[in-house]
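Hi,

Here is the structure I promised to pass on. Have a look at it first, and then read on for what turned up.

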Amino acid sequence: VTDFSFAASPHFQAVQGKAGVTDVVVFYLPEHAAIAQPYLQTATGALQAYSQWYGRYPQPRLTVIDVPDDAAGAGGMEYPTLVTAGTLGLPASFEATVTAHEVGHQWWPMQTLTNEAREPWLDEGLTEYSGLRYNLEAGDTAAFGPFKLDPFASERLQYAADPLHPATLPSWQYSSGAYDAAVYAKMAMSLWTLEGVVGTPKLRTAMAQYLEQYRWTHPTGDDFRRSMRTSLGPDTDWFWTLLDGNGVIDYAVSDLHVTATSTGYHSTVTLARAGSVPAPVDLLTTFADGSTKREQWNGGTSSIQYSYDTLAPLVSALADPDRKLRIELHRIDNGQSLPAESAAATSIGGRLLFWLQSLLQTMGTFG
């Protein structure tokens, strides 16, 4: 191992379990007995998941340390074979978020040994993505009183607070708020978007191959780029444009038009790229007889127009219908329907719902 840390208290109690062949032990304080088992469940579940995704955890034991309420600064920290948990002053329901993240560090950087100060995106960014995906698959949600906050909403809110920064800068070039938004949230949301585009198995295989190639060798960002490009191909260059720049992914269905013809209807749909990052995007068009057509566009120009000659008129068009582009913030203009009055009502309703959710989340976070 590359580092050593220990914790001691005369009040510690312990629960333990297994993650495959690995012993997992949680040392907790009596006042936190209610979340001792949740700690253990998250730690064992995350350890097993990451071992399946990226490669086996290489040590025989993982220790999770609970921290006192008045020592939140000691929580949420990682060392080889040992992590500190806690909720960092947030409600107890955030236990799963913190624990899954810290366990992820046993892969990034404990097995790659990257330089966190110089390239924090290879450390905190890969770990934040791993924790996000584990929490989502495990069905974990945090809560502020009656308000539930799923991991996607939490990550989206953090990214939306300050989205216009590269994710790949050295740590000393960020302000505190920009560091969290870019290195943690933008990196996590970007990887989840890449996963949506290339598919979950392909992305996890690519990350596992990167780890297998560079385990214990102190790889750099250039090594990560080469490995991922080799695994995923050149069609993912948009991903690096997103990470390295201050642009965003944003698409809009800007125009629908239908005219009657002697044999049916002629319809046109204009899809516009409002953001500067040309990620691939799907377009789903639906017609009055229930039939659909699907297109895929690489976003290489500012807009593209599709034309259809059909027996039934066009009734709607929706960009990114499968929600692959998870990092896209402005989705209320992704679709239009005919007649226009219906589209307007949908757009307004979606806008109000988005801002209401954001307001409630902000109140919960800073109240």
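In what order do the 5 strands of the open sheet sit? Keep in mind that this is a predicted model. The order is E1-E2-E3-E5-E4, and the pairing is mixed. At the edges you'll find strand E1 (13–19) and strand E4 (77–79), each of which pairs on one side only. On average, neighbouring strands of this sheet are turned by 15° against each other, ignoring direction.

Strand E3 (residues 61–65) pairs with strand E2 (residues 22–28) in the parallel sense, over 5 bridges. If you want to trace that pairing by residue, Asp-23 has Arg-61 in E3 as its bridge partner, and Phe-27 has Ile-65 in E3.

To get from E2 to E3, the chain goes through helix H1 (residues 36–54), and this β-α-β crossover is left-handed.

E3 also runs parallel to E5, with 3 bridges joining the two. Ile-65 turns up again here: its bridge partner in E5 is Thr-84.

Why is E3 largely enclosed by the rest of the structure? Because 4 of its 5 residues are buried, where buried means under 20% relative accessible area.

One more helix to look for: H2 (residues 95–104) lies across E3, E4 and strand E5 (82–84). Helix H2 runs at about 150° to E5.

Cheers

Terms used
Residues are numbered from 1 along each chain as its sequence is written. This is a predicted model: local features need pLDDT of at least 70, side-chain atom pairs count only at pLDDT 80 or more; totals for chains, interfaces and linings use all residues. Side-chain values use heavy atoms; hydrogens and water are left out. Two strands pair if DSSP finds at least two bridges between them. Axes are lines fitted to C-alpha atoms, for helices over the stretch in contact, and angles run from 0 to 180 degrees between N-to-C directions. Contact means heavy atoms within 4.5 Å. Buried means under 20% relative accessible area, exposed over 50%, partly exposed in between (1.4 Å probe, protein chains only). A crossover is right-handed if, with the strands pointing away from the viewer, the path from the first strand over the helix to the second runs clockwise.
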